[in-house]
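Student: I would like to learn how to read a structure like this one. Can we go through it feature by feature?

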Amino acid sequence: MISAKILSWVTFVYFASFTGYLIGLIRGRDRWARLASWTAAAGLLAHTAALLLRWRASYALGMGHAPLSNLYESLVFFAWAVVFLYLLVEWRTRNRTPGVFVVPVAFLLMAYASISPGVSDRIQPLIPALQSNWLTSHVITCFMGYAAFTVAFGLAILHLIKNRQRKPGREPSRFLTLIPDEHDLEELLYQSVLLGFVFLTLGIITGSVWAHYAWGTYWSWDPKETWSLVTWVIYAGLLHARYVRGWRGRRLAVLALVGFAAMLFTYLGVNYLPSLHAYM
Amino acid sequence: MGIRNNPVWSFFSSLRLTLVLLAVLAVLAVVGTLVPQQESAQELAKRLSPGTIRILGTLQVFDLYHSVWFLLAMGLLTANLIICSINRFPASWRRFKAEAPADEHLFRDLPPERTVYVKGTRDEVVTRAEQALRRRYRDVRRTDASRGPVLQGQKGRITHLGVYAVHLGVLLIVAGGVAGSLFGFDAYVHIGEGETATTADLMGGKGQHNLGFGIRCDRFLIETYENGMPKTYQSDLTFLKNGRPALQGALLVNHPLTFEGIRFYQSSYGQSADGKARLSYSRKGGDRKDEAVTLGESFILPNGEGTVQVLRVEENMMQMGPAVKLGVRSGRGAVQFWVFQEIERIREGNPGLFEQVPLFNPGLFAPYVFSLRGIDARYYTVLKAATDPGVPLVAAGGLFLMAGLLLVFIVDHRRVWVLVEEAKGKVRVAVTGRGLRTSAGLDRELSDLVRVFREKGDAQG
Ligand code: HEM
């Protein structure tokens, strides 16, 4: 299948992009990072094309559905959303350093999708429960939320590094010169969490509406639902901690890491628990 | 002020409590996904000692989402949310009304590109500034400061109330959940194809519920993909009120039906083994005769030589395929034996089996020989029946929550002020503004406003 071939190439493109960001950061040169951005953008273009091709191919196979219906497709879409959102942030802020922690996440997702034996890249037909327009809106909103949290995760790591390096009596090393100052990093982190929170909320709402039609209950405390609620609650805690209690800096970055871990478990870890969402 | 100093009130108005409760809820939820809940807990129960089970059971660890702990945390959070919101509301309301008078401090240290000298009299310029503001802002007010009139334009002040929409949304969802668990019901209805059900089995083994009407499954249809996965399945149902059809419809996954306030969902299906067995028999060398019988039915052999009853029907008897167990009563007494459909295959695999095991010999009631041509499998459909009076509340809560989030995070409360003053015999306009969020948007708006006065070609100095 042509789309799967493109996607495995895209995996390498993202790896190349990550290398560029890394060299750029270590040597303190923006030129490398710029190259890395363009590489990621080219990857994203091919990635988009592959998704569309796969969509069309599913129609040719007589089961026409958006490529968002099994683990392989969700990994690939997740990676797409991460790169898309990250490039958007980069373009708005004109700072390329977070890429060094965000783009490798996209690379790992793609690599896991292509390599893991448990993940089939075949286009599969939809079982009746998945034949719903809510599937598309649910998956897109959830994964846009996940992608925003991934960007926040990259920013949180940068923030922690910057924070460590700034210890008194320590000469700031050269490679930190490109990292935005802590205040800007934190503002950006907060904005990404907000965006993720809005999307995750939408994702949970669309999921509930769908469950209401498919299973006859909008909430069944199934592990996936429960963990998405846990993730949501952690980020709600982060927003309140900052907005109302004035938490700043390190503590906020650590909460963003905890939220990211919960999000990853919601997405992948939960599959090891018995669940109605088993097909995702 | 009395109530604000009350220790109970201040306990509940603390945001530290919120953070603690959110953490507690997260931990409870996590434990609930790790420890098997409700019915699935029985597996675990076999591996633990009775004492441990009793303690865990008392702690309601096996039904955590309905446990006292969970309800307590939710209850505290609700109180916390309500009291916090009441506490904060007056301040938000003041910010919403934005009565704060325009302050001349705002115009101190303005960058040069935010001021412009304009031709015309002061009153003309004020009118023009007002028009320019009205085009951009719905709410425009004028105050007179010592340096001159100040016009204020603002938009987006609704953002201060967004938080309350979010919190109200959360409360509505909690209320809806409570209403649903108190007044709703959840049950399953099993109906064989062609049969009518009048009762539903309540979830969690809580007995049966009399529906007060009948549901007939006229037909069950299933389509599969080439790989055997189900593609669609559907039950054609007739709802019967007092025995008369009141509603007919097809029930599919993702397409529920409602009757008398109860929603029905296509949940699952299965095959029942009580279908008709298609039997043939012949009397030594005679003609073959066919009969189709269901479990428990009997028929009489020619000339009253015996009565044959179907004792059991198996889809797959001991891994040897479909089979029925027949009992024949006659003047010679009673015999019982199995009749397999795939008799040839079994005989090839196990030569001599039928001679050694008379129970498996279809010719045991000599001189008759029986054979099984097939079993007509019958489908049964499983519907989920539910009423949930909480749903409208939850839906409204979801809408409030989402709308509130958008108000909080997307709408910015922006205010711009235009000071028109006379300085050195000329009219000078100064423009400044404030937004809740740092954004490039406000800068753009201000430059835009300044340009209004520049573009007229009347900018001086
Ligand atoms: C899980 C439920 C909750 C959600 C989803 C939620 C959501 C929000 C959101 C989105 C904001 C705006 C934050 C910002 O601008 O960054 C907010 C603010 C706030 N929340 Fe909550 N909240 C929840 C529970 C609570 C509770 C239980 C309390 C009670 C103590 C509370 C107290 C506040 C306060 C005081 C503010 C600031 C309001 C202001 O602007 O003055 N929240 N909440």
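Student: Does B:Asp186 count as buried, partly exposed or exposed, and why?

Tutor: Keep in mind that this is a predicted model. Buried means under 20% relative accessible area and exposed means over 50%, with partly exposed in between. B:Asp186 has 28% relative accessibility, so B:Asp186 counts as partly exposed.

Student: Which residue does the side chain of B:Asp186 meet in a salt bridge?

Tutor: The general idea is that side chains of opposite charge can pair when their charged atoms come close. Here the partner of B:Asp186 is B:Lys384, with 3.3 Å from N to O. The pair links distant parts of the chain, 198 residues apart: B:Lys384 is in strand E18 (residues 378–387) of chain B, and B:Asp186 is in strand E4 (residues 185–192) of chain B. B:Lys384 has a relative accessible area of 3%, so B:Lys384 is buried.

Student: How many salt bridges are there over all chains?

Tutor: The count comes to 25. One of them joins B:Asp144 and B:Arg142, with their closest N and O atoms 3.4 Å apart. B:Asp144 counts as exposed because its relative accessibility is 58%, and B:Arg142, at 43%, counts as partly exposed. Another salt bridge is formed by B:Arg345 and B:Glu342, where the closest N and O atoms are 2.6 Å apart. B:Glu342 is partly exposed, at 30% relative accessibility.

Student: Which residues do salt bridges with shared partners join into one network?

Tutor: The network consists of B:Lys155, B:Asp412, B:Arg414 and B:Glu445. Take B:Glu445, which is found in helix H12 (residues 440–458) of chain B. B:Glu445 counts as buried because its relative accessibility is 16%. The side chain of B:Glu445 also makes a polar contact with the side chain of B:Tyr137, at 2.4 Å. Apart from neighbours within four places in sequence, B:Glu445 is in contact with B:Tyr137, B:Lys155 and B:Arg414.

Student: What should I look at where the two chains meet?

Tutor: Look at the area, then the residues, then the kinds of contact. Chain A and chain B bury about 3400 Å² between them, with 72% of it on carbon and sulfur atoms. In chain A, the residues that lose the most area to chain B are A:Pro128, A:Tyr218 and A:Trp221, together 18% of what that side buries. The contact takes 39 residues from chain A and 41 residues from chain B. Between the chains the count is 0 salt bridges and 2 residue pairs in polar contact. On the chain A side, helix H6 (182–214) and helix H7 (223–243) each give two or more residues, and H6(A) gives the most, with 12 residues. By class, that side has 28 nonpolar, 9 polar and 2 charged residues.

Student: Why is the ligand site described as shared between chains?

Tutor: The site is shared because residues from chains A and B surround the ligand. Among the 20 residues around the ligand, A:Tyr190, A:His240, B:Thr18, B:Cys84 and B:His167 come nearest. The largest share of the shell, 5 residues, comes from H6(B). The shell has 15 nonpolar, 4 polar and 1 charged residues.

Student: Where do polar side-chain atoms of A:Tyr190 and B:Arg88 lie relative to the ligand?

Tutor: For A:Tyr190, a polar side-chain atom lies 2.5 Å from an oxygen atom of the ligand. For B:Arg88, a polar side-chain atom lies 3.1 Å from an oxygen atom of the ligand. In the case of A:His240, an N or O atom in the side chain is 2.7 Å from a nitrogen atom of the ligand.

How values were computed. Residues are numbered from 1 along each chain as its sequence is written. Chains are lettered from A and ligands numbered from 1 in the order in which they are written. This is a predicted model: local features need pLDDT of at least 70, side-chain atom pairs count only at pLDDT 80 or more; totals for chains, interfaces and linings use all residues. Side-chain values use heavy atoms; hydrogens and water are left out. Helices (H or I, at least four residues) and strands (E, at least two) are DSSP runs, numbered from the N terminus. Buried means under 20% relative accessible area, exposed over 50%, partly exposed in between (1.4 Å probe, protein chains only). A polar contact is a pair of N or O atoms within 3.5 Å; within protein, one must be able to donate a hydrogen and the other to accept it, and residues adjacent in sequence count only if both atoms are side-chain atoms. Contact means heavy atoms within 4.5 Å. Buried area is the accessible area (1.4 Å probe) that two parts lose on being put together, summed over both. A salt bridge is a side-chain nitrogen of Lys or Arg within 4 Å of a carboxyl oxygen of Asp or Glu. Ala, Val, Leu, Ile, Met, Phe, Trp, Tyr, Cys and Pro count as nonpolar, Asp, Glu, Lys and Arg as charged, and the others, Gly among them, as polar. A residue is near a molecule or strand if one of its heavy atoms lies within 4 Å of it.
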